[in-house]
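Have the structure open and follow along.

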Amino acid sequence: MLYREAGQFKTSYATDQQIFPIRQDRVAVVALAALAFVVVPLIATQYWLSAILIPFLIFALAALGLNILTGYAGQLSLGTAAFMAVGAFAAYNFVLRVPGMPVLLAFVLAGGCAALVGVLFGLPSLRIKGFYLAVATLAAQFFVVWALVKFPWFSNYSSSGVITAQKMTILGIDIDTPLRKYMLTLTIVTLLALAAKNMVRSSIGRAWMAVRDMDVAAEVIGFPLMRTKLTAFAVSSFYCGVAGALYAYAYLGTVEPEAFTLDLSFRILFMIIIGGIGSILGSFLGAGFIVLLPIFLNIVVHWLNGVAQSLFSASLPASITSNLELMVFGGLIIFFLIVEPHGLARLWQIGKEKLRLWPFPH
Amino acid sequence: MSGGGRRIGEVILRLEGISLSFGGVKALSDISFDVREHEIRAIIGPNGAGKSSMLNVINGVYRPQQGTITFHGETRRDMVPHQAAMQGIARTFQNIALFKGMSVLDNIMTGRNLRMKATILEQAIHFGRARREELANRAKVEEIIDFLEIQHIRRTPVGRLPYGLMKRVELARALAAEPTLLLLDEPMAGMNVEEKQDMCRFVLDVNEQYGTTIVLIEHDMGVVMDISDRVVVLDYGRKIGDGTPDVVRANQAVIDAYLGVAH
């Protein structure tokens, strides 16, 4: 089926303002959901689920959170990992200390705690912008990790500061296999992504973008600057907090504060830069690029090595192959940023616009 | 040209003794004037006379050191931008201040933000009140799009538009708020004659159809003299003339300010 809008007439504002106004997009989204919810569980191996898909979804969620703050509201942040840490440790403590606490509620409350911390560290955004704000959010990064190590209460006085995620039970079902963890993560990520899409096409999303693009005009038009910025910090940190809780409960199982370093914040920032700043889809594409590509490269390099071995009965030493992966990865990042500085999502959008008119150039 | 069916009413905005300085630089000194309901009030003056500062004082971007602002019977020292917007003051900017990353439609929708009351949670689910508000406000925005004849660029990101259309979109965004007082900062700057004529028509139509009171800064004397009811003339932050276009045109101080004086 061609990607065309021709013949799809909209006769009401309701149909024109649907979440996916073009029929082909709706079909694609439903197909993708069917793939993720039905096909993947049927065919994916445990390794694929627990080592590739679950982290991909969790990073996509964290990237989505950062994208709301940086991409939509224009507030640069380097505290993403810190907000994830708050989410992970808050969820742990809620389940640990509140008897009978349902895990999903703990996740929501963990997101709420992260949102509070986010608002607190978002306060400087009222006075400073851009790179200076990024430096200010570094404070969150270092403070949160320091606090989690310094006060052993957070990790329930475990000697090494490591927390072990409790067993998850939802509606009487133990979430213990990779498949169940994958389904839980996928459901949460899908719902939150839809909510994000709805927010950015509503009044609050326009408020964020207005503040990002021209804050004086936004204020004159009636958007309260302080509330808009702090809401962005709250919503973004909520997403990061839930991602952090999933990181501990659905992916790693045991985490320590040091897992949430500045390194992780940067990784998530790179995801949205490569995927597309100010794009929901871009968060997923960027997470895919950063999480999946190294694995893919690893497979390709191994395969090439195997071919080389059978042909020339010689293979590259392991030190070279592993560095080769990194070199190709770095090269690809630079390549994509040169081809399209606005990220993979923009490439996708340009492709769609071209397809609409194809095969006619105008 | 002006006049017609509309009736100029009571004074709705009164500025008294407004003085504004930035450090040692006096931008405005002791300026008083008023604006009546439904009228088109022009502010003119040479470059650096303080015209834009005057607008910034009216809608609260700048806070004057002295003087009072009376709007709709409420007297205060200064306005706060958010409060000004709530009270029905909308404006356009001299250097277009559109939201570059958003479509024309979204830009105009931002003008309606004060009428949207749904909470974030409702917006995230996009159900009930949030959805109803989106649709109702979209209908209103479409009215304005029709009024300003910009239907064809509805979905275009504003960053891609030519200058003249950007100015028109900015006017649309201001109108979307259904303001009672509209401040236009050089709406015709940088336009060719045809675009200026279009813009004049829109300004007059807005004034007549919606009864909006308009305060306008403009350099094109032909335009100012044609469409405005009363004119304030500023020079070096002082008021040197005030009255109908004919009175102002005959004012010696104004002529000196524009043509220069022999020393």
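Start with the largest cavity: H9 of chain A, together with strand S6 (89-91) and helix H6 (163-176) of chain B, each supply at least two residues of its lining. Helices (H or I, at least four residues) and strands (E, at least two) are DSSP runs, numbered from the N terminus. S6(B) gives the largest share of that lining, three residues. From chain A come A:Val220 and A:Ile221, and the residues from chain B include B:Ile89, B:Arg91, B:Leu114 and B:Arg173. By class, that makes eight nonpolar, one polar and two charged residues; here Ala, Val, Leu, Ile, Met, Phe, Trp, Tyr, Cys and Pro count as nonpolar, Asp, Glu, Lys and Arg as charged, and the others, Gly among them, as polar.

This is a predicted model, so to speak of local features pLDDT must be at least 70, and side-chain atom pairs count only at 80 or more, while totals for chains, interfaces and linings use all residues. Residues are numbered from 1 along each chain as its sequence is written, chains are lettered from A and ligands numbered from 1 in the order written, and side-chain values use heavy atoms, leaving out hydrogens and water.How much space is in there? About 80 Å³ lies in the largest cavity. A cavity is a set of points on a 1 Å grid over the protein atoms alone where a 1.4 Å probe fits but cannot get out, and lining residues have an atom within 4 Å of a point. Grid points are joined across faces, edges and corners, and the volume is the space filled by probe spheres set on them. The whole structure has four cavities of 30 Å³ or more.

The second largest cavity holds about 40 Å³. Among the residues lining it are A:Ser202, A:Ser203, B:Met116 and B:Glu134, and helix H5 (residues 129-147) of chain B gives the largest share, three residues.

Now for the interface. Here 30 residues of chain A are in contact with 35 residues of chain B, with contact meaning heavy atoms within 4.5 Å. The area buried between the two chains is about 2800 Å², and carbon and sulfur atoms give 61% of it. On the chain A side, A:Arg206, A:Val220 and A:Ile221 lose the most area to chain B, together 24% of what that side buries. Buried area is the accessible area (1.4 Å probe) that two parts lose on being put together, summed over both.

Which residue of chain B forms a salt bridge with A:Arg206? B:Glu134 does, with the closest N and O atoms 2.9 Å apart. The rule (a side-chain nitrogen of Lys or Arg within 4 Å of a carboxyl oxygen of Asp or Glu) finds one salt bridge across this interface.

Technical notes:
Residues are numbered from 1 along each chain as its sequence is written. Chains are lettered from A and ligands numbered from 1 in the order in which they are written. Side-chain values use heavy atoms; hydrogens and water are left out. On a 1 Å grid over the protein atoms alone, a cavity is a set of points where a 1.4 Å probe fits but cannot get out, and a pocket is an open set with protein on both sides within 12 Å along at least five of seven lines; lining residues have an atom within 4 Å of a point.
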